[in-house]
Amino acid sequence: MSDWYRDFANSGLGATITKQLGLPRPVELRRFEPGQPLLPGPAVVGSAGQGRLQEQLTTLLIDAGVTVSSPTADGERLSAVLLDATGLTGPADLAGAHALLAPAVKRLAPSGRVLVLADPPADADSPAQAAARQALEGLVRSLAKELRAGATANLVLVPAGAEAGLAGPVRFFLSGRSAYVDGQVLTLAAADVPAGQDEDRPLAGRTAVVTGAARGIGAAIARVLSRDGAHVVLVDVPAAGESLAAVANEVGGTAVAMDITAPDAGPRLARQLLARHGGADVVVHNAGITRDKLLVNMDADRWNAVLAVNLQAQLDLTQALLDTEGALKAGARVVSVSSQSGIAGNRGQTNYAASKAGIIGMVRAWAPAFAERGATVNAVAPGFIVTEMTAGMPLGTREIGARLNSLQQGGLPVDVAETIAWLAQPASAGVNGQVVRVCGQSLVGA
Amino acid sequence: MAAQTRKAAIVGGNRTPFARANSVYARASNQDMLTAAIDGLVARFGLQDAQVGEVVAGAVLKHSRDFNLTREAVLGSRLSAATPAYDVQQACGTGLEAAVLVANKIALGQVESGVAGGVDTASDAPVAVNEDLRRVLMELNRAKTLQQRLKALSGLRPGHLSPSVPSTSEPRTGLSMGEHAAVTAAHWGIGRTEQDELALASHRNLAAAYERGFFDDLVTPYLGLARDNNLRPDTSMEKLGKLKPVFGKGADATMTAGNSTPLTDGASAVLLASDEWAAERGLPVLAHLVDAQTAAVDHVHGGEGLLMAPVHAVPVLLARNGLTLQDFDFYEVHEAFASTVLATLKAWEDDAYCKETLGLDGALGSIDRSKLNVAGSSLAAGHPFAATGGRIVATLAKLLAEAGPGKRGLISICAAGGQGVVAILES
Amino acid sequence: MTAPSLPRLFVRAALTARGRGGELPGTRLARARVTVDPARLADYSAVCGYPLTGALPVTFPHLLAFPLQTALMTERAFPLALPGLVHVRQQVSVVRPIGADEALDVEVWAERLSSHRRGATVDLCAAVSAGGAEVWRGRSTYLARGATVPDGAPEADVDVPVGALDRTSARWRVPADAGRRYARVSGDVNPIHLSALSARLFGFPRAIAHGMWVEARALAALAGRLPDALTVDVAFRKPLLLPSTVDLATARAGEGWDLAVRSRDTEHLIGTVRPT
């Protein structure tokens, strides 16, 4: 699906008109392709206070082939600015953040990255330290809104002991995989992180289950997981079997036509995964339906159907996989697709938003148990994603929906898929119980 | 050659939903549908770019352009292009015979895996030019000089333009299959009510099987159709009873559109393999194809009913396997017509017939009717001739797998030309 | 002699139809060393439904005799007028299968002028020999409605008894042009077979099928199941109006067959096949 407005705004005449009128000028985002360098240009790494991560970050960048340049050097456009703020002791130290970021952001290239790393405020030794750490959130969220030309700013909170899990998230936020993830705060946890992964095929040898895989975001997830090396088991309702088979054949996967709300769906899927694939490494709960109506007009069928498919089925499937010995392999990754509606609410979507908010509660509650198995469970909350579904919306609603975010455009299914594929990586062991919004820093529910 | 044989495993199957002729698949060719059925099988078992031992399939109504139908379907599918294929045709027995052929090669160790299938379209049936026109054209083709060509062309007549449309008439008798079946129904005294009851059971069983998700991993929607569109879950004895007879005469006119199969479009495919091949890929073994038998009767001169050949084949198969007709947990008797199934059962129950015509010591006896076509059959699903065998093999294999190990099922399929193909599957 | 031209004979017969009567002439007409055109044999087999083999179909030699028989009947001395003659019975004896490439000697004559309740009948006989030995014999009985016979003539015998024939073994959809098709391969261009218009001139509502074609097609349905040496005896009952749908009934009778061709309530042909 093409973004006609973005294409227009970037055309010769369109550029002139949009500039004159002060209209938003969305750019084409830098998106990931296999074999692509982590960053197209140099990065700078600086710190506010005496941080403990600067050296680790610099090494990581150099290992990834990124030129680390001096914060004060002139000229060359920067692809990324990394701020190690783990040394903050109080608000005064934030001056260091300003000192690094202000000149660097001026030099930021299109689709550049600002990534701030800090300790969680809750772990602070003093109110002053907590204040300084919390202040970063305001800084990053505001900066994300100021950035132009597809650049993003995100904050990663690294508790003491979680440093080993830093590489995966840092690579994600710098790479094109996070093109539509902006203004987010991610909290890492201490975890055993397997050493090294093939960055071009991080999921090689893994089996990934995707529900609702016949079309739209689900199909995009299947494609990206397959591109990253996974064998994908694609699940969708029998009625969608035709496109399900087509996507399965496209990605070299296995099609499983089943109604996930059927009473025996979980055990059936668990048995098949065990028998055919020796268990699953990745489970993506993507299947979801909408049955929109204002609450007062909503019948029980609409309410129940949405809750059954979007929430109860995720609980039941996951439980069945947990209960079946070997169905979820060691180090498994479960990713649930939530929604912006689940965070911000949406008129006419009480049922849908309830189900999607419920998912957030579910992953947070399950995270500790998953951590014990060396596994993770996370949610991804898409914002305005351009799909067949949104193509059916009225033009005005669609265009407003697409522009109400810092990147001034709708995301693509692949953006959601990339985030999920990242959470599915072995290197994402330290990301657990998180909700990652893929919304371009939507104004809704921010 | 392998010193000893092994039994071929049925891994699973896939088919398109079956569509009444001139409905959803009106524009789909045999090759389109067979490719779709194979691709659905590939998707189900992750066989993309895999080379199976061979693909064997066929169609009853076939265009001359489809001389290599199965191979062309393979080339258009996601299977490896290095997969060999060939066509078979044994009328309505095609699908089952294809499975038997693949199973036999697996049994002999000549292949480790194979796909058996079938397809038919009554909507996109081949229409040939008028026989007279064809002869003029052939003569024109043979002509070498202008004079010869002009002479050939001078044979053209306006009437030559009317096409030659295929029919389901038996070539030697000129009787349609329904007319033949009506003769048999009258001979065996098959009544209207029992035929309608069988049709009703077929619709109810098929609908129930769909409802419980039985076909989730046996059927892949095609061209937007997710279920067989001949299925009438809400049909009743009353509704079936209102239909006017279309075959038979007078009091024997008991066969209606409700208790006869309609012309249908669709395709099916079954994956067979050695146990080892399946195990290496983590694929299930639903059942094994134990043995099979074909038979033919002389419906032209011999006085036996056109569709009665399976009646002759089954006792041979039973004897070879040391079984009785009652030693089965499931019976899949193809419902070409309700009367065909009932005549088949009645013949097996008839002591005199079994002795005199089949040369047995006595009647084979009755079967437990609750084990018959429990997931529906052709009356409800429809009957795209060559695709029916694949439908039945996959359905029975799954029924047996559900029932647990050591269960046994009998397949009986009647075919045009007075032929029959029968087989035993075992879980 | 060479084969006479049938259309010319039919015209001559029509022009000389009036004023016939009296005894049968003793004329015999013959052709020697007749060979069969393979293309004609193929056409004939296709029209009648016979498989094309190296042997002549049971009814094929009739085609060789028919022009001579027609010539005989058009002779001034022949007592019955050809136009309006109805083929009511045909008997064929095959001594042994005849190779398609054999040179055949054909001889025809007329005998048994008989009285019939509706007129008179006459048998046109044919003997076909190869290398001096008879291999095929045919007897065609024709009815001349309203004709009279000299005193002392025998009673006509046109009945062929058959057993019960309950089982329909084939259904034929006989097209409107069946007469024209058979006329083309047999040379029997009698106008009653060619079109509704020409048939009406002779009192038929529509064209009627050639009796010999109906017989040939019935025998073709038994191809592969006929004895090598046999006699076929069929009676042509009601004319088969074109087009129509008719049923063939066959039943085993010892080593032979009984057969009938019928439509809903009309019997067109009954006959027997017996080994000899």
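# A guided tour of chains A, B and C

Start with the charges of chain C: the mean positions of its 33 positive and 26 negative charges are 7 Å apart. Lys and Arg count as positive here, Asp and Glu as negative, and His and the chain ends are not counted. Each charge is placed at NZ of Lys, CZ of Arg, CG of Asp or CD of Glu.

Before moving on, note that this is a predicted model, in which local features need pLDDT of at least 70 and side-chain atom pairs count only at pLDDT 80 or more, while totals for chains, interfaces and linings use all residues. Residues are numbered from 1 along each chain as its sequence is written, chains are lettered from A and ligands numbered from 1 in the order in which they are written, and side-chain values use heavy atoms, with hydrogens and water left out.

## Stop 1: chain C as a whole

Select chain C and switch to cartoon. Helices (H or I, at least four residues) and strands (E, at least two) are DSSP runs, numbered from the N terminus. The radius of gyration of chain C is 18 Å, close to the 19 Å from the globule rule for 276 residues, so chain C is as compact as a globular protein of that length. That radius is taken over C-alpha atoms, and the rule is 2.2 Å times the number of residues to the power 0.38.

Along the principal axes, the C-alpha atoms of chain C fill a box of roughly 45 × 45 × 35 Å. Of the 276 residues in chain C, 53% are buried. Buried means under 20% relative accessible area, exposed over 50%, and partly exposed in between (1.4 Å probe, protein chains only).

Chain C exposes about 12100 Å², and carbon and sulfur atoms supply 52% of it. Such areas come from the Shrake-Rupley method with a 1.4 Å probe; for residues, only the protein chains shown count as cover.

## Stop 2

Select C:Thr74. It is found in helix 3 (residues 61–74) of chain C. With a relative accessible area of 2%, C:Thr74 is buried. Show its side chain: a polar atom there lies 2.8 Å from the backbone oxygen of C:Ala71.

Now display what surrounds C:Thr74. Beyond its neighbours within four places in sequence, C:Thr74 is in contact with C:Leu9, C:Arg12, C:Ala13, C:Thr16, C:Arg20 and C:Leu82. Contact means heavy atoms within 4.5 Å.

Next, go to C:Pro243. The peptide bond from C:Leu242 to C:Pro243 is cis, with omega near -10 degrees. C:Pro243 sits in the loop between strand 7 (230–236) and strand 8 (244–253) of chain C.

## Stop 3: between the chains

Show every chain. Two pairs of chains touch, and the most contacts are between chains A and B. No contact joins chain A and chain C; their closest C-alpha atoms lie 44 Å apart.

## Stop 4: B:Ala91 and B:Thr94

Zoom in on B:Ala91. Its phi is positive, about 50 degrees, although B:Ala91 is not a glycine. It lies in the loop between strand 4 (85–87) and helix 3 of chain B. At 7% relative accessibility, B:Ala91 counts as buried.

Move to B:Thr94, in helix 3 (residues 94–107) of chain B. B:Thr94 is buried, at 0% relative accessibility. Its side chain reaches the backbone oxygen of B:Ala91 at 2.5 Å. Leaving aside neighbours within four places in sequence, B:Thr94 is in contact with B:Gly58, B:Val60, B:Val88, B:Gln89 and B:Ala386.

## Stop 5: chain A

Select chain A. It has 15 helices and 13 strands. Its radius of gyration is 22 Å, close to the 22 Å that the globule rule gives for 446 residues, so chain A is as compact as a globular protein of that length. The C-alpha atoms of chain A fill a box of roughly 60 × 50 × 45 Å along the principal axes.

Of the 446 residues of chain A, 57% count as buried. Among contacts in chain A between residues at least 6 apart in sequence, 75% join residues at least 24 apart. The accessible surface of chain A comes to about 17100 Å², with 55% belonging to carbon and sulfur atoms.

Finish at A:Ala149, in the loop between helix 5 (127–146) and strand 5 (152–157) of chain A. A:Ala149 has a positive phi of about 55 degrees although it is not a glycine. At 27% relative accessibility, A:Ala149 counts as partly exposed.

Methods: A polar contact is a pair of N or O atoms within 3.5 Å; within protein, one must be able to donate a hydrogen and the other to accept it, and residues adjacent in sequence count only if both atoms are side-chain atoms.
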